[in-house]
Amino acid sequence: EEAGAVEDTNSAECTAAGCPAFWQGDGFCDEVCEIEECDFDQGDCAVEDSDSDAAEEDSNDPACTAAGCPILWQGDDWCDVQCYVVECAYDSGDCAGSALADCVAGGCTAEMLADSDCPAACHVAACADFTYGCAEDGYYLNNDIDDSNSPECSEAGCPTNWQGDAYCDPACYIQECNFDSGDCQMCLQQSCQEEQLLNQECNAECDTQECGFDFGYCYK
C-alpha cells in the first residue's frame with residue numbers, strides 16, 4: 001500500500017512508461033525512467049555516467065594524466081601532441097605515420113614542443129604545426145617555411161603553413177587569415193553551423209575531426 005501511495009505521486013505519462021515514482025532519484029539508472037516525462041530519472045543516469053567516466057580516467061597512468069593526456073584521447077585515431085610520450089604509449093599508435101612522428105624522429109619531444117623558448121631540435125619544418133614556440137611575431141623562423149603571412153594573421157597566432165592545409169584551425173578562422181583558406185568548409189558542409197563552431201562550447205554537431213572537435217572544446 002505504501003508503494004501504491006508513492007506511485008500516486010507520479011505523472012500519468014511517466015507511470016504509463018513503466019517507471020514508478022520510487023525508481024526516480026534512487027541512485028540507480030533506470031532506462032525506462034530516462035525520459036523527459038520522468039525528469040530523466042532525476043539525475044540517476046547522469047551520476048552513473050559520471051562515475052563510469054571517473055573510473056575510466058582513474059585507469060590512466062598518473063604520469064600520462066600529468067602530461068595532460070586523458071585516457072579517452074589514446075587510441076581514438078587522432079594524433080595528440082600531449083599523448084605522444086612513452087607514459088601514454090605514444091598515443092596508443094594514433095600518431096603512426098603522422099607529421100608529429102616525423103617531428104619527433106628528428107629529436108624533438110612532446111615536452112620540448114610545449115617549451116616557449118623553442119629548443120633547436122624543434123626548430124624545423126617538420127615540427128611547425130605543433131609549436132608556437134618557434135614563432136617570432138607570428139612568423140616561423142625556419143627558412144623552409146613561408147613567412148609571407150599578413151601581420152594581422154600572424155598576431156592572431158596563425159602561421160602561413162596552417163592555412164590551406166586541410167585542417168580547420170580556430171586561430172586561423174578569421175577574416176585576416178581568409179578564414180583558414182577554406183580549411184573549415186568541410187566541417188561547415190556537415191551539420192555543424194558557424195555560430196556553433198564559434199560559441200566556445202562543445203556542440204555534438206561539431207564534434208568531428210573535420211571541425212577540430214569543435215575547436216577543441218569537446219576535449220574539455
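In this predicted model, Asn60 is placed in the loop that joins α3 to α4. Its relative accessibility is 8%, and Asn60 therefore counts as buried, since the limit for that class is under 20%. Two polar contacts describe how the side chain of Asn60 is held in its surroundings. One, of 3.0 Å, links the side chain of Asn60 with the side chain of Thr65. In the other, a polar atom of the Asn60 side chain lies 2.9 Å from the backbone oxygen of Cys69. When residues up to four places away in sequence are left aside, Asn60 touches Thr65, Cys69, Pro70, Ile71 and Gln74.

Cys69 lies between α4 (62-66) and α5 (89-92). With a relative accessible area of 1%, Cys69 is buried, because this value is under 20%. Its neighbours, again without residues up to four places away in sequence, are Asn60, Cys64, Gln74, Gln82, Cys83 and Cys88. Tyr84 stands 15 residues from Cys69 along the chain, and the C-alpha atoms of these two residues are 8.9 Å apart.

A pair of aromatic rings is described by the distance between the centres and the angle between the planes. In this structure the count is two aromatic pairs. One of them joins Tyr84 and Tyr90, with 5.1 Å from centre to centre and 65 degrees between the planes, an edge-to-face arrangement.

Another aromatic pair consists of Tyr173 and Phe179, whose ring centres are 5.3 Å apart. The planes of these rings meet at 65 degrees, and because this angle is over 60 degrees, the pair is edge-to-face. Here Tyr173 is buried, with a relative accessible area of 8%, whereas Phe179 is partly exposed at 37%.

Asp180 belongs to helix α9, which covers residues 178-181. Its phi is near 60 degrees, a positive value in a residue that is not glycine. Asp180 has 0% relative accessibility and so counts as buried. A positive phi also occurs at Asp41, where the angle is about 55 degrees although the residue is not a glycine. Asp41 is located in the loop between α2 (12-16) and α3 (44-58). Its relative accessible area is 0%, and Asp41 is therefore buried.

Attention may now turn to the loop between α11 (194-197) and α12 (212-215), where Asn203 lies. Asn203 counts as buried because its relative accessibility is 12%, under the limit of 20%. A polar atom of its side chain lies 2.9 Å from the backbone oxygen of Gln196. Gln196 is also among the residues that Asn203 touches; Asp214 and Cys218 complete this list, which leaves out residues up to four places away in sequence.

The empty spaces of the model form a further topic. Rolling a probe the size of a water molecule over the atoms shows where empty space is left. The second largest pocket has a volume of about 160 Å³. Which residues line the second largest pocket? They are Trp78, Ala166, Tyr167, Cys168, Asp183, Met186, Gln209 and Glu210. Sorted by class, this lining contains five nonpolar residues, one polar residue and two charged residues.

Finally, the chain may be viewed as a whole. How many helices and strands does the protein chain contain? Its secondary structure comprises twelve helices and two strands. Read from the N terminus, the order of the elements is α-α-α-α-α-α-α-β-β-α-α-α-α-α. The protein chain has 220 residues, of which 35% count as buried. Among the contacts with a separation of 6 or more, 17% are between residues 24 or more positions apart.

Conventions
Residues numbered from 1 in each chain as written. Predicted model: local features only at pLDDT ≥ 70, side-chain atom pairs only at ≥ 80, totals over all residues. Heavy atoms only, no water. Helix = DSSP H or I, 4+ residues; strand = E, 2+ residues; numbered from the N terminus. Buried < 20%, exposed > 50% of the residue type's maximum accessible area, 1.4 Å probe, protein only. Contact = heavy atoms within 4.5 Å. Polar contact = N/O pair within 3.5 Å; in protein donor to acceptor, adjacent residues only side chain to side chain. 1 Å grid on protein atoms, 1.4 Å probe; cavity = no way out; pocket = protein on both sides within 12 Å on 5 of 7 lines; lining within 4 Å. Points joined across faces, edges and corners; volume = space filled by probe spheres on them. Nonpolar A, V, L, I, M, F, W, Y, C, P; charged D, E, K, R; others polar. Phe/Tyr/Trp six-rings, centres within 6.5 Å; stacked < 30°, edge-to-face > 60°.
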